[in-house]
Amino acid sequence: MVFETHTVQETEEVGATLARAMDRGGVVAMFGGLGMGKTAFVRGMAAGRRIDAEVSSPTFALVQDYGGTPPLVHFDMYRIETWEDLYATGFFEYIDMGAILAVEWSEQIENALPEDAVRVTFERLSDTDRRITIEGVEL
């Protein structure tokens, strides 16, 4: 499914739509460069799951667990370079516990993504406009 957004709020709403469609845990693998709206998308996912949390990019922490049922866990894989780095984030443990993993910079861990991962690709159309393509889930 393809969405075009023109504001941060519209990007958040697309994230909320996806989150409401997820009735169990899974990996949401996000692809796209810096400033594309990935964190806004995750903010929307939290709202769609009715999670009251301060959503911010986990650039320095690498992982933010926002709670919820199932828990929404936000990853930033930008600096992940080795399998050891990936294991250290708890990525596989969160999958095993049935969490929803929102993974920024999934390009970095392409070989570790499960086959059933939902793939979300962000494309810049202008300074404010984005094309968001979601594959792997029915909305």
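I looked up what covers the buried residues of helix α2, where buried means under 20% relative accessible area, exposed over 50% and partly exposed in between (1.4 Å probe, protein chains only), and the cover includes α1 (8-21), β2 (26-31), β4 (72-76), β5 (100-104), β6 (118-124) and β7 (130-135). I note that this is a predicted model, in which local features need pLDDT of at least 70 and side-chain atom pairs count only at pLDDT 80 or more, while totals for chains, interfaces and linings use all residues. Residues are numbered from 1 along each chain as its sequence is written, and side-chain values use heavy atoms, with hydrogens and water left out.

Helices (H or I, at least four residues) and strands (E, at least two) are DSSP runs, numbered from the N terminus. For α2 (residues 38-48) I found 9 of its 11 residues buried, among them Lys38, Phe41 and Met45. The charged end of lysine 38 sits over the ring of tryptophan 105, 4.5 Å from its centre, the criterion being NZ of Lys or CZ of Arg within 6 Å of the ring centre and within 35 degrees of the ring normal.

I then searched the whole structure for aromatic pairs and found 8; rings of Phe, Tyr and Trp (its six-membered ring) pair if their centres lie within 6.5 Å, with planes under 30 degrees apart counted as stacked, over 60 as edge-to-face and the rest as tilted. Phenylalanine 75 and phenylalanine 91 make an edge-to-face pair, 5.7 Å centre to centre with 80° between the planes. Phenylalanine 75 lies in strand β4 and phenylalanine 91 in helix α4 (residues 91-96), so this pair ties together parts 16 residues apart in sequence.

Note on methods:
Contact = heavy atoms within 4.5 Å.
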